[in-house]
Amino acid sequence: MASSVFLSSFSSSSSLQLSSSFNGDNLAPSRCFIGAPVTSSSLSISGKKNSYSPRKFYISAKKVSGLEEAIRIRKMRELETKSKVRRNPPLRRGRVSPRLLVPDHIPRPPYVESGVLPDISSEFQIPGPEGIAKMRAACELAARVLNYAGTLVRPSVTTNEIDKAVHDMIIEAGAYPSPLGYGGFPKSVCTSVNECMCHGIPDSRQLQSGDIINIDVTVYLDGYHGDTSKTFFCGEVDEGFKRLVKVTEECLEKGIAVCKDGASFKKIGKRISEHAEKYGYNVVERFVGHGVGPIFHSEPLIYHYRNDEPGLMVEGQTFTIEPILTIGTTECVTWPDNWTTLTADGGVAAQFEHTILITRTGSEILTKC
């Protein structure tokens, strides 16, 4: 599940405050997990004004080959097609059913009993051999649950029904659905449809042919969290929507590809941004990846956009990468439930997520089955 940060001051009804320091600058994550409301401190970013010296510009032209011209025309047509993507009817909140029960014998994460939204831990999560084995088990279960949830996506099915099926599968495996009770979140999974960027609360709304839906699954098994998400198609989906989803998944893959011991975290955002921009899509800055393990959310925070944050990856470290791309604006609005976050212009969004383990020569995707 994504953590949320702001690059400006933000406040809401809750009194919880989160802050972390990067290279002397104060960065206040306003929310963690699925956008739980907190009061954040103002962000102060020091910087220097850019100064430019007068330059002379020259215009030159080169002869373009037939192949280059054909590629250029194809890209233009793809962008034109994307700009004409249709819009589904705006999301309306349905009825949210009561919270599902978890058997007493299943261990809960600490935050469930406290009812308090926990701070983002400043400690990197580097499990030992035993911990890594437990992480693999939790992540493999999360992947199986996500795949099963995807088979339920079809017209007329409600997101509440998907939540119930996910909940039952998790507890049958002896695990706890990590979202349930996290900062007051009322459900066991996040279901984000169409223009919902992330953190949608399952409800009575029926899926419609043409919808896209991100299902975000996190399980807590034997003391470790496994976190993953994927965007699925419902019925006959617009080609523009399909293209956005495909590119978003590719962005995740390209972000993972740069990961290894000693690599800079900022390479992830650079690679994701480059690929998204190639197709004219925008990367949401507000929601970020995070360390995961015994603790649901910890540093490092993984920025999916270009950034200059310091930090190097360490062998044995576990964290998520979970980019969100939009066709239109990356500005967002949040429903009164303080969780569901939608694009401000109603344009669709897509997201994919994996939990990975850093190795000496690369990384291992743990959320696979």
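Which residues of H5 are buried? In this predicted model, helix H5, formed by residues 239–257, buries Gly240, Phe241, Leu244, Val245, Val247, Thr248, Glu250, Cys251, Leu252, Gly255 and Ile256. The helix has 19 residues and reaches 27 Å from its first C-alpha to its last, close to the 27 Å expected at 1.5 Å a residue. Its N-terminal end is capped by Asp238, a side-chain oxygen of which lies 2.7 Å from the backbone nitrogen of Gly240, and Gly240 is itself one of the buried residues of H5.

The chain as a whole contains six helices and 18 strands, and buried residues make up 53% of its 369 residues. Among contacts between residues at least 6 apart in sequence, 74% join residues at least 24 apart.

The largest nonpolar core comprises 35 residues, and those with the most contacts inside it are Val153, Ile162, Ile213, Ile215, Val217 and Val219. At least two residues of this core are supplied by each of helix H3 (129–151), helix H4 (159–172), strand S7 (212–221) and strand S8 (224–233), with H3 giving the most, nine residues. Apart from this core lies another, of 34 residues, which includes Val258, Phe265, Ile272 and Tyr303.

Buried positions in H3 are Gly131, Ile132, Met135, Ala138, Cys139, Leu141, Ala142, Ala143, Val145, Leu146, Ala149 and Gly150. The cover over these buried residues includes H4, S7 and S8, together with strand S12 (318–321) and strand S17 (354–358).

Helix H4, with 14 residues, reaches 20 Å from its first C-alpha to its last, close to the 20 Å expected at 1.5 Å a residue. Its buried residues are Thr159, Ile162, Asp163, Ala165, Val166, His167, Ile170 and Ile171, and what covers them includes H3, strand S4 (176–177), S5 and S7. Ile162, which is among the residues with the most contacts inside the largest nonpolar core, touches Ala149, Leu152, Val153, Val157, Thr191, Leu207, Ile213 and Ile215 when residues up to four places away in sequence are not counted. Ala149, one of these partners, is also among the buried residues of H3. H4 is followed by Gly174, whose phi is positive, near 80°.

Strand S12, which forms part of the cover over the buried residues of H3, is itself covered on both faces, with Thr318 and Thr320 buried on one side and Phe319 and Ile321 buried on the other. In a regular strand the side chains alternate between the two faces of the sheet. S12 is joined to S17 by four bridges, the two strands running antiparallel, and Thr320 stands opposite Thr355 in S17.

Two open sheets of three strands were also examined. One has the order S6-S15-S14, with antiparallel pairing. S6 and strand S14 (332–334) stand at its edges, each with a single partner strand, so one side of each is left without a neighbour in the sheet. Neighbouring strands of this sheet are turned by 40° against each other on average, direction ignored. Two bridges join S6 to strand S15 (residues 341–343), the two running antiparallel, and the bridge partner of Cys196 in S15 is Leu342. The other open sheet of three strands has the order S9-S13-S16, again with antiparallel pairing, and its edge strands, each pairing on one side only, are strand S9 (282–283) and strand S16 (349–351). S9 and strand S13 (residues 324–326) run antiparallel and are joined by two bridges, with Leu325 in S13 as the bridge partner of Val283.

Asn194 is placed in the loop between strand S5 (190–193) and strand S6 (196–198). This asparagine is buried, with a relative accessible area of 0%. Leaving aside neighbours within four places in sequence, Asn194 is in contact with Asn88, Arg205, Gly210, Asp211, Ile212, Val348 and Ala349.

Technical notes. Residues are numbered from 1 along each chain as its sequence is written. This is a predicted model: local features need pLDDT of at least 70, side-chain atom pairs count only at pLDDT 80 or more; totals for chains, interfaces and linings use all residues. Side-chain values use heavy atoms; hydrogens and water are left out. A nonpolar core is a set of buried Ala, Val, Leu, Ile, Met, Phe, Trp, Tyr and Cys residues joined through side-chain atoms within 4.5 Å. Buried means under 20% relative accessible area, exposed over 50%, partly exposed in between (1.4 Å probe, protein chains only). Contact means heavy atoms within 4.5 Å. Two strands pair if DSSP finds at least two bridges between them. The expected span of a helix is 1.5 Å times one less than its number of residues. A polar contact is a pair of N or O atoms within 3.5 Å; within protein, one must be able to donate a hydrogen and the other to accept it, and residues adjacent in sequence count only if both atoms are side-chain atoms. Axes are lines fitted to C-alpha atoms, for helices over the stretch in contact, and angles run from 0 to 180 degrees between N-to-C directions.
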